[in-house]
Structures are given as C-alpha cells and as structure tokens.
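Reader: I have a chain open on my screen and would like to talk through a few places in it. Could you take me through them?

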Amino acid sequence: MESIANEIENHVSYKYFKKIPHEKYLKLVENNDGGKTGTYTINIRLNENHDRLCMFQNLELMKASKISKYIFQNPPKDCDYVILDERNEKIYFLELKYMKKIEKKEIAEQLKAGKKWAEHLLFCSGLSYENLSNWKESYIYLNFRSGRPPRKRSEAVHYEGISIYFEEGNEFSLSKFL
C-alpha cells in the first residue's frame, strides 16, 4: 500500500491537505476573530523522527463549502489542524486560540469533531479510520501567548471523554505530546 499521505494527496484538495516538509519547525498561522484583529503564528518544533508528517487544514473553509452542506445536513464543528505522523503512528488534533478565557466544553467539542472530519477525509481517500486503530491520538489546545513559553511538563486533562493537553505559548514541541 502507498503511504497514507500519498493516498490522501490523490483525493483531497491541496487547500485542505498538506504534506509537511521535514524541517525544524512547522508554522501554523491562524486568523484572530475571523481575521478582524489580525493573525498569529504558533511554531511547532519537529525532530528527526518527524519526517513523515501530513495534515488536514482549513477545515473551517471545507465546512463552509457547498460540498460540506451536501454531505452533512448540519456539519460538525471542526478543529484547526489534524496532523498524521506515519512513522510514529500518531494523530494529533489541534485547536488554536488567542483568548484570555476559554470554554473547555467548546474546545473538547471542536477537538472531537476534528476526528469526525479526519474519518470523513480518510473515507474520501479510500481509506478507513480503522486503519489507524493502533495509532495514539493526542488532543491539543494551544492558546497563543507571546513571549517565552512556560517550562512545565505537559499532562493531559481528562475532559468530555477525551484527554486534552491545554497549553499556552507560541512555540511547542510535537514530541511533547506523547
């Protein structure tokens, strides 16, 4: 079988899917308040073991498209990014925000909905999410803060049926979320 990334790339538009080049950082750029107050960037540090990564992105644009409305009568919420790590058999669901106060329930809903979108996009690629049944899932909320990130050990908090990492800062290591 071809790599998962190649299978997806053959079926999902580049607007919604991207192979991640093997570099030191992955820059995730998000609009704040729908672009009204600008953008912010979160850097994700990658290491040498992160050489077979790909991601689903712009799920909010897909959700707003006519295709989505045809498929889902009420499209589910979405998370911002879903990163697939083929080498390490991990899948990361990421929600990025730039807020002082968060609603944990809403974050949990968005992260869980990211899994639904991943299932759907894999299905559209001729793959099944069941192919990833032995993969470890990480649900991550990244709240943008400028300046040096706090030095603390990440621990997942069990909330709404999933374990979520709640983090603040502007730079994170992907290997931190194991």
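**A helix, a patch and a strand**

Author: Let us start with Glu 106, which lies in helix H4, residues 104-124; please keep in mind that this is a predicted model.

Reader: Is Glu 106 buried or partly exposed, then?

Author: Glu 106 is partly exposed, because its relative accessible area is 34%, and buried would mean under 20%.

Reader: Which residues gather with Glu 106 in a patch of charge?

Author: Glu 103, Glu 109 and Glu 160 gather with Glu 106 on the surface, and the charge of that patch is negative.

Reader: What about the helix itself, how many residues has H4 and how far does it reach?

Author: H4 has 21 residues and reaches 30 Å from its first C-alpha to its last, which is close to the 30 Å expected at 1.5 Å a residue. Several of its residues are buried, including Ile 107, Leu 111, Trp 117 and Leu 121, and H4 is followed by Gly 126, whose phi is positive, near 80°.

Reader: Changing topic, where is Ser 173 found, and why is it called buried?

Author: Ser 173 is found in strand E10, residues 171-173, and it counts as buried because its relative accessible area is 14%, where the cut-off is under 20%.

Reader: How far is Ser 173 from Ile 44, in sequence and in space?

Author: They are 129 residues apart in sequence, yet 5.5 Å apart in space, C-alpha to C-alpha.

Reader: And how many helices and strands does the protein chain come to?

Author: The protein chain comes to 4 helices and 10 strands, and buried residues make up 44% of its 178 residues.

Notes: Residues numbered from 1 in each chain as written. Predicted model: local features only at pLDDT ≥ 70, side-chain atom pairs only at ≥ 80, totals over all residues. Heavy atoms only, no water. Patch = residues over 30% accessible without salt bridge, like charges linked within 9 Å, V, L, I, M, F, W, Y side chains within 5 Å. Areas by Shrake-Rupley, 256 points an atom, 1.4 Å probe, with all protein chains shown as cover. Salt bridge = Lys/Arg side-chain N within 4 Å of Asp/Glu carboxyl O. Lys, Arg positive; Asp, Glu negative; His and termini not counted. Charge placed at Lys NZ, Arg CZ, Asp CG, Glu CD. Helix = DSSP H or I, 4+ residues; strand = E, 2+ residues; numbered from the N terminus. Buried < 20%, exposed > 50% of the residue type's maximum accessible area, 1.4 Å probe, protein only. Expected span 1.5 Å × (residues − 1).
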